[in-house]
Amino acid sequence: MKHKKSEKTNVMRILEQHKIPYESHDYTDSGAVSGMEVVQALGQEPERMFKTLVTRGASGAYYVFMVPVNGALNLKKAAKAVGEKSVAMIKSRELLPLTGYIHGGCSPIGMKKPFATTIHHTAQAYPTIMFSGGRIGCQIETSLENLRRVIPVKCADIL
């Protein structure tokens, strides 16, 4: 896959270190903020563009969930998928110190610490999926298999 000229992010560097093909999509000039606005700006299907959500389980452990931008994480199903009694979204102010990413630019790749990551099972239906490139204005497109070459990702029904 080719790379559109844009500022390299840590996500891109990590993918390149692992020799993983990807395509970066820049929407900086579009003014898009919400997931659905990004989908429209890039002319993509919302079902294959994933947002990255960070939660804390009842045990105190952190978990990352990836769901289609047009969906909402079901906290009960998410807790069951990771074997927790419950999970809750972390507060926005906790995101940067915990992951190194800001709200709207959180990628499952390149977080400060590795966290158990679960993606909605529909990701398996697409040849490529899209997720944040590590900053607002950048989406990465690659296959689920390629994502799994960088971080362990399991699939579950979490919507």
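Modeller: Helices here are DSSP runs of H or I with at least four residues, strands are E runs of at least two, and both are numbered from the N terminus. Keep in mind that this is a predicted model, where local features need pLDDT of at least 70, side-chain atom pairs count only at pLDDT 80 or more, and totals for chains, interfaces and linings use all residues. Residues are numbered from 1 along each chain as its sequence is written, and side-chain values use heavy atoms, with hydrogens and water left out.

Colleague: Why does Leu96 count as partly exposed?

Modeller: Buried means under 20% relative accessible area, exposed means over 50%, and partly exposed is in between (1.4 Å probe, protein chains only). Leu96 has 44% relative accessibility, so it counts as partly exposed.

Colleague: What makes strand β3 largely enclosed by the rest of the structure?

Modeller: Six of the seven residues of β3 (residues 62-68) are buried, so the strand is largely enclosed.

Colleague: How do you know that β2 and β3 pair?

Modeller: Two strands pair if DSSP finds at least two bridges between them. Strand β2 (residues 50-57) and β3 have seven bridges, in the antiparallel sense, and Leu53 stands opposite Phe65 in β3. β3 also pairs with strand β5 (residues 116-120), in the parallel sense over four bridges. There, Met66 stands opposite Ile119 in β5.

Colleague: And how many helices and strands are in the chain?

Modeller: Five helices and eight strands.
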